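Here is a friendly note to read beside the model. Please keep the side chains in view while you go through the points.

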Amino acid sequence: MTKNTETPFSERERRFVEAYLGDAAGNATRAAALAGYSLKSARRIGTRLSSEFHIQHAIDERTWRDPGVWTREQRQQFWTRIANDPETPMRERLKASELLEWA
């Protein structure tokens, strides 16, 4: 009988990974809150979860497999270009600067 060496994900950990790659846009605190952890502990739990090997591995694997998933650096570069482009309407530039706060 072979022992399973993979760390099983809890439902909230799975939701954390989904949120981190989705609506939270790479922000661990926001991902923890979206995954169902309390707002009071979201920063602590988000930091802990994002540093766990099996969570990092799941995020890296999904990012690698899906070219449609941007890395945090790619999102920051994109929003920075928008925020700095004088041809872009001010409203969109302001929105890009807000999104940079979450990246």
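1. Let's begin with Arg14, which is partly exposed at a relative accessible area of 38%. Partly exposed here lies between buried, under 20% relative accessible area, and exposed, over 50% (1.4 Å probe, protein chains only). Please bear in mind that this is a predicted model, where local features need pLDDT of at least 70, side-chain atom pairs count only at pLDDT 80 or more, and totals for chains, interfaces and linings use all residues. Residues are numbered from 1 along each chain as its sequence is written, and side-chain values use heavy atoms, with hydrogens and water left out.

2. Which residue meets Arg14 in a salt bridge? The partner is Glu11, at 2.4 Å from N to O. A salt bridge here is a side-chain nitrogen of Lys or Arg within 4 Å of a carboxyl oxygen of Asp or Glu. By this rule there are four salt bridges.

3. Glu11 and Arg14 sit three residues apart in helix α1 (residues 11-21), so about one helical turn separates them. Helices are DSSP runs (H or I, at least four residues), numbered from the N terminus. Glu11 is partly exposed too, with 44% relative accessibility.

4. Now look at Arg62 and Glu18, whose side chains form a salt bridge at 3.1 Å, N to O. Arg62 belongs to helix α4 (residues 53-65) and Glu18 to helix α1, so this pair ties together parts 44 residues apart in sequence. Arg62 has a relative accessible area of 24%, while the value for Glu18 is 38%.

5. Finally, Arg48 and Glu52 make a salt bridge, with their closest N and O atoms 2.6 Å apart. Arg48 is partly exposed, at 40% relative accessibility.

How values were computed. Helices (H or I, at least four residues) and strands (E, at least two) are DSSP runs, numbered from the N terminus.
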